[in-house]
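Grab a pencil and open the viewer. Here are a few exercises to work through, each with its solution.

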Amino acid sequence: MPLSRRDFLLAGTAAGATIGVGVLVPLGFVLADDDDANGATGASLATFPRARVGSVSSLGVGDAQFFDYPYEGTPNVLVKLGERVPGGVGPDNDIVAYSNLCTHMGCPITTYEADSHTLGPCPCHFSSFDLSRDGIVGFGQATQNLARILLEVDGDGIYALGVYRLIYGHADNLAGEDLVVVSEGV
Amino acid sequence: MAGTGSGRVPLPPTDAVVKTTVCEYCPVACGYKVYTWPVGDEGGTSAADNALGVDFPTTTLSGRWISETMHNVVRVNGERHNVVVLPDPDADVVNVGGTHSVRGGELAQKVYTPDGLTADRLTKPLLRVNGTLVPISWDMATDLVAELSTHTIAEHGELAWGMKIYSYQYYENVFAGSKLALGAIETPNYSPHHAPAEGDDVPGLSDCGIDAFSAAFADDAAAEVLFIAGSDPYETKTVRFTTWQQPGGATIVYVDPRRTFTANYAENSGGLHLQIVPGTDTALYMAIARVIVENNWWDDDFVSQHTASRGELDAEGKWRRVEFGRSFDQFREWITSTPEFALDRASEITGVPADKITRAAELISGGSGAQPKTTVLFEKGVYWSHNYENTAAIGNLGLLVGASGREGRATSRMGGHQRGGQKAAGYPIDKSPDEYDGHKLEMDTERWLVQGNTRFRWVVGTNWLGAMGATDALRKAVVELKAKGPEVTSTRYETALEQLKAQIDAGGLVIVHQEIYENDSTPYADIVLPAATWGEEDFARNNAERRLRIYEKFMDPPGEARPDWQIFAEVGRKMGFDGFDWPDTNAIFEEASEKSSGGRRDYAALVEKAKADGMRGHDLLRTFGTTGLQTPLSLEGGELVETVRRHADLQFNSDSGKANFVFADWDAVATRNEILGPDPSKDEVWVLNGRVNAVWNNMFDFVRRQNSVERWPSNFLEINPADADARGIVNGDLLSIESDGVLDQLGRAHKGGFTAVAYVSDIVPPGVTFTYFMYPGSPANNITSADSSLQPLNLRYNFKLGKGSITNLGPSGLAESMSFAPRNLAPGASS
Ligand code: SF4
Ligand code: FES
């Protein structure tokens, strides 16, 4: 089922307001059926496509596979962490995917250190991201977590359903005019 | 609201208001553009339809992408406006092309939002009544401050009236505050945010005749060898590293007890990491110098022409230079006859392998080949351990390799803060009670306060009671002082004034805290004054390469908050002093320019030119945008001339115009290390503290940012896997760090401690741990000593030399949610 942007609106952004020693669970995918207060202008995508991006049987622990989504030429990384995480899919709840465009200034990152689940260091200014913690900037200069791809598993197929958080370069993830949308998977 | 996760940000429309500003945080001071426009409007994704003039999606490294945290909603003239704070993509200095760090990149999260994470800004003056802070009017607040000040000075003398204030802030605020304290009241009871006393932070370097901010960032890029000590430039001066040092391609020799990012970067790219035992810098630098001297590798042209002879030193007017200055011959004799500076002995002391010491000497001097362009850079790890000796030793090393005054050749601090510390008057040192060997020293204001001598203290823009050494002992003394005299029981002016005066006269202590947020010091305040800050007033400041720029106002201050200068001015007027009637912040900027004359910050020529052109000083500065001007400035033929680097004429800060070597007493260092260092028989380890990449200082902004709180939901203690295993510690365990040898302000040993979450990492070697220096609620300074008599030459704390033993309190609950990812992954690793 394709999801519209408003399905991805975050419930409770103030969750990060705790001061001092306190437990903050990474926000993960908190879905809310809310109106989009900002109102879309000029979006070329009404909804995110559902696209097959990998298969459970061919993704080993520590592997990093790359795929384009939601547009051709917009790269992402798919990994099996080997550790159950919030929002992880698959039989072990450990498969996650993120845009691998660095949220500092957009360089694609292809180095993955499986032991620490770290994507990076980015070749441009050396930011690195913790894929087991919602794509947080483990170390470096990026100003937001990596955009996260919402996944589901259907049989052996791993499917992308949408994008949570802004993809580098975009003002609106659904306003990719002149870009070719990745075709919907089976 | 940050709106994180929404997957879109509004674009500034073509008619958005654009202002020029500079990052608020680190001394690099990257240039930013601020776009504001009414909520409801929005630009389009094609270049013609938005103020950035680019099509969206933008391209890699465009500098024109607005991340979700670069946007916010603020009030401009009372109306809701979108704000985008974007690193200036057109910058051709500092952050060329709009690069930035994580700290500055999220500046839009700093601003006041009445319905967001910054809603708890201080918005009204407050008076503590029956233990609770309650709102009062500005008029009453400044009446109280003025009356209590006048009373304190009249009854107890001006030494009983103290001000604790940022040294680094905007010109306008530092000038106004110091005009009141130093110029009008003339008290020596005045000290900066980071030290118990006024005075030079790097006296050894200054005694060498070297300006502490002599380098330009272009020198870092032009250098062939960079010797960097005591601060990780990637982590804490980020853009200086990513834009200047790293692309410049210099071979990096990096000194740090921790294997940080820059340590790995240096080793992976042909340089060296000298992983030093804490507190042994002097031995390391002088051992390197000795290798250079013994091999005849020093820059003989520079040393023979530009360093002073003994006769020249004896004629110097500054006593420290006469006493500790050394000619080259004396220097050579000293370092080659000091056993601890011999290669093998120094290797034992510093923990740095002898071959690395030799290799470092060879790299920075060029060995038997040509002298490379070498730049020597350092910061707090050097001067907040053994202040005088380390700063002298690193200055000596710079002189030996001719690192001064020429492109790619400098010896310089990298800076801790930006640089707006132009004071309005000199420090009245003759009134200070402190001295060394018959020479007056600036007052240790914390010792003075603990002794009960300060009756009124105005704390401005700093978390005083988290930032000093032995900060728990200081708090305890404050609590005892505050128990003297009657409590304030009413907001009625006459009642409150009488009760506060009675506290002062009873030997108590009245505290005024002027801040933007409450912090660890506010619970002890009697009066709280809400300050307006960055973006809420026009200000100016320099960066670490002396680049002067304007920080424009773009939004309303919260509630009744006022810029600091206005508060000082009103109190000054109410106390009956002249010269506090500035109409606006520009008037102070212009007045301060006169005092800057002849110094490193000299911008008198800018104001002179502005006046000649019929302009205001701020307005002329505004025309230079984020590029600004490098001070000192002069006027030639009506045009402004900048100073790219200091000592370009190879004239130094001494009477002779020559630089000189300086004696650094290793025995004094070794004695201090005995007192301050860990005792292995008590299972103690070094507990170092410092900054980390993702947050800034006392975290005033960063506890109010979703991203930084998710990254650091707790303070942490980096601990080596071997030390962790030995204590059964795993990532996420809550640790109690305790030391029973912390020296308080009076030199008495006591027990101090703090709590932090274990971060197991080989970034620290066995026996060394590291923590954030000022995480709210986890004061690392509870275990750093405050006995300034340990460093009698210059009253600075040994912040970097903490010790403690560690007790595991069990899981913190953060193991599953906090990231324990490596923080030192550098490219090109061979393993
Ligand atoms: S490097 Fe320093 S000045 Fe530049 S954006 Fe980061 S914190 Fe601000
Ligand atoms: S683009 Fe990745 S760190 Fe700058």
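A charge sits over a ring if NZ of Lys or CZ of Arg is within 6 Å of the ring centre and within 35 degrees of the ring normal. Keep in mind that this is a predicted model.

**Exercise 1.** Find the ring under the charged end of B:R258, then do likewise for B:R705.

*Solution.* Start with B:R258: its charged end sits over the ring of B:F770, 3.5 Å from the ring centre. Now go to B:R705, whose charged end sits over the ring of B:F702, with 3.9 Å to the centre.

**Exercise 2.** Classify the ring pair B:F716 and B:Y759, and say which parts of chain B it ties together.

*Solution.* The whole structure holds 46 aromatic pairs over all chains. For this one, the ring centres are 6.2 Å apart and the planes meet at 65°. Planes over 60 degrees apart count as edge-to-face, so that's what this pair is. Next, place the residues: B:F716 is in strand β28 (residues 716–719) and B:Y759 in strand β30 (residues 749–760), so the pair links parts 43 residues apart in sequence. Finally, check burial, where the cut-off is under 20% relative accessible area: B:F716 comes out at 1%, so it's buried, and B:Y759 is buried too, at 2%.

**Exercise 3.** Describe the shell around ligand 1 by class and by helix.

*Solution.* First sort by class: seven nonpolar, three polar and one charged. Among the shell residues are B:C23, B:Y25, B:R103 and B:T238. Then look at the helices: α1 (102–105) and α7 (238–248) of chain B each supply at least two shell residues.

Technical notes. Residues are numbered from 1 along each chain as its sequence is written. Chains are lettered from A and ligands numbered from 1 in the order in which they are written. This is a predicted model: local features need pLDDT of at least 70, side-chain atom pairs count only at pLDDT 80 or more; totals for chains, interfaces and linings use all residues. Side-chain values use heavy atoms; hydrogens and water are left out. A residue is near a molecule or strand if one of its heavy atoms lies within 4 Å of it. Helices (H or I, at least four residues) and strands (E, at least two) are DSSP runs, numbered from the N terminus. Ala, Val, Leu, Ile, Met, Phe, Trp, Tyr, Cys and Pro count as nonpolar, Asp, Glu, Lys and Arg as charged, and the others, Gly among them, as polar. Rings of Phe, Tyr and Trp (its six-membered ring) pair if their centres lie within 6.5 Å; planes under 30 degrees apart count as stacked, over 60 as edge-to-face and the rest as tilted. Buried means under 20% relative accessible area, exposed over 50%, partly exposed in between (1.4 Å probe, protein chains only).
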